[in-house]
Amino acid sequence: MSRLGNLGARLYRGEVGYDFIRNRKIWYGVSILITITAIIGVAVGGLRMGIEFQGGAVFTTDTRAKISTAQATDVATEASGHMAIVQELGNGGLRIQITEVDTATANEIKETLSDELGIPADEINADLVGPSWGEQIANKAWTGLAVFMVLVVIYLAIAFEWRMAVAALIALIHDITITVGVYALVGFEVTPGTVIGLLTILGYSLYDTVVVFDSLKEGQKDITKQTRFTYSEIANRSINSTLVRSINTTVVALLPVAGLLFIGGGVFGAGMLNDISLSLFVGLAAGAYSSIFIATPLVADLKERDPQMKALKKRVLAKRAAAAAKGEPADDGPEDIVEGAATAGSGVGRPRSHGRTSGSAER
């Protein structure tokens, strides 16, 4: 068995683990810091909206221009009066994007580009995009996002409980905010590809969260009928028992996306690949983080406010204190709270012998 597979098995059995719930304030602080940075980036720098949302013209050439990309940028900016974005295509041609350009102005710009670039006007293709079309796309994207959020909350509230629905919603907002903030800080254009990427990462993020929630749901069965674990300890078991699975799925998903971003976008200069791959890369990483460090700890915080869970915690701590006073080993203290949550025939996992012989009775 590989080292990672062996680690996953040991995490599930509770032989090793990490107390995510106990250190949740650290993760909350990290998330708040990152979120504030993202919000500041959007507020100060703003989002660089693509031509599909602002409207404008895109000029493409099939042959190599006689001037450099930088010079073409200056020419296009001067000719249009607006900031131009110029990209070199794989065939040596140029893609010149200029926002807020109407049909009459586009024809004038095309003639100017023909003279300055040394390319016949009939070899320059001009495509105009109206701002109303971009507005429709943006409205549909917001509508789709709102519908998705509502359906997610309803589903999780029915399949699990309202606390998990609230935690999952906060985690999703957390992921979207970070992704949008990165776009503002990096300066990548927001295009329809970006919107597609944002909507896609919500599904990935929710998947990881639901996997942990499902384990937690199994682990909390008949939880009030035992005095071995608090709710937070059960939640921590759930995170650890699914930790390697979450890491594996995230890494496998990130590898091809990283190829699109760093090789397709960085090496070959494919603009559309950059738009969609950056949102996927950041969103997948943020989604994996939030499902482990945000969503489940939030559920534990909300659940521990319940009177039944408060009473359970008092009974568990009282039992452990009594056992410690008598010099007896506790069944499973905080140092052993990483055993797999869902086991056959038990809602809270199997008790371990803690060094007792096979013939000794379990508590």
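The following exercises, with worked solutions, concern a predicted model of a protein chain.

**Exercise 1. Overall composition**

Task: State how many helices and strands the protein chain has, and what percentage of its residues count as buried.

Solution. 
1. The protein chain has twelve helices and six strands.
2. Of its 363 residues, 45% count as buried.
3. Contacts between residues at least 6 apart in sequence are then considered; 76% of them join residues at least 24 apart.

**Exercise 2. Helices α8 and α9**

Solution. 
1. Helix α8 spans residues 192–219 and helix α9 spans residues 231–241; their axes come within 8 Å and cross at roughly 135°.
2. An angle over 145 degrees would count as roughly antiparallel, and 65 to 115 as roughly perpendicular, with oblique covering the rest.
3. As for burial, eleven of the eleven residues of α9 are buried. Among them are Glu233 and Arg237.

**Exercise 3. Helices α2 and α7**

Task: Carry out the corresponding analysis for α2 and α7, giving their orientation, handedness and contact residues.

Solution. 
1. The axes of α2 and α7 are 8 Å apart, and the helices pack at an angle of about 45°.
2. Angles under 35 degrees count as roughly parallel, and the perpendicular range begins at 65. Helices α2 and α7 are therefore oblique to each other.
3. Their crossing is left-handed.
4. From α2, the residues Ser31, Ile34, Thr35, Thr37, Ala38, Ile39, Gly41 and Val42 meet His174, Thr177, Ile178, Val180, Gly181, Ala184 and Leu185 from α7.
5. The contact of α2 with α7 divides into eight nonpolar and seven polar residues, and no charged ones.

**Exercise 4. The nonpolar cores**

Task: Identify the residues with the most contacts inside the largest nonpolar core, and determine which helix gives the most to this core.

Solution. 
1. The largest nonpolar core has 39 residues, and those with the most contacts inside it are Leu156, Met164, Phe213, Leu216, Tyr231 and Val299.
2. At least two residues of this core come from each of α2 (24–44), α6 (131–159), α7 (162–186), α8, α9, α11 (271–303) and α12 (307–325).
3. Helix α11 gives the most, with eight residues.
4. Apart from neighbours within four places in sequence, Met164 is in contact with Leu156, Phe213, Leu216, Tyr231 and Val299.
5. A second, separate core has 17 residues, including Ala106, Ile109, Ile119 and Ile124.

**Exercise 5. Phenylalanine 20**

Task: Locate Phe20, decide whether this residue is buried or exposed, and list its contacts beyond four places in sequence.

Solution. 
1. Phe20 lies in the loop between α1 (3–13) and α2.
2. Its relative accessible area is 6%. Buried means under 20%, so Phe20 is buried.
3. Residues up to four places away in sequence are set aside; Phe20 then touches Trp27, Asn236, Ile239, Asn240, Leu243, Ile292 and Phe293.
4. Phe20 and Thr296 are 276 residues apart in sequence, whereas their C-alpha atoms are 9.2 Å apart in space.

Conventions: Residues are numbered from 1 along each chain as its sequence is written. This is a predicted model: local features need pLDDT of at least 70, side-chain atom pairs count only at pLDDT 80 or more; totals for chains, interfaces and linings use all residues. Side-chain values use heavy atoms; hydrogens and water are left out. Axes are lines fitted to C-alpha atoms, for helices over the stretch in contact, and angles run from 0 to 180 degrees between N-to-C directions. Helices (H or I, at least four residues) and strands (E, at least two) are DSSP runs, numbered from the N terminus. A nonpolar core is a set of buried Ala, Val, Leu, Ile, Met, Phe, Trp, Tyr and Cys residues joined through side-chain atoms within 4.5 Å. Buried means under 20% relative accessible area, exposed over 50%, partly exposed in between (1.4 Å probe, protein chains only). Contact means heavy atoms within 4.5 Å. A crossing is left-handed if the near helix is turned anticlockwise from the far one by less than a right angle, and right-handed if clockwise. Ala, Val, Leu, Ile, Met, Phe, Trp, Tyr, Cys and Pro count as nonpolar, Asp, Glu, Lys and Arg as charged, and the others, Gly among them, as polar.
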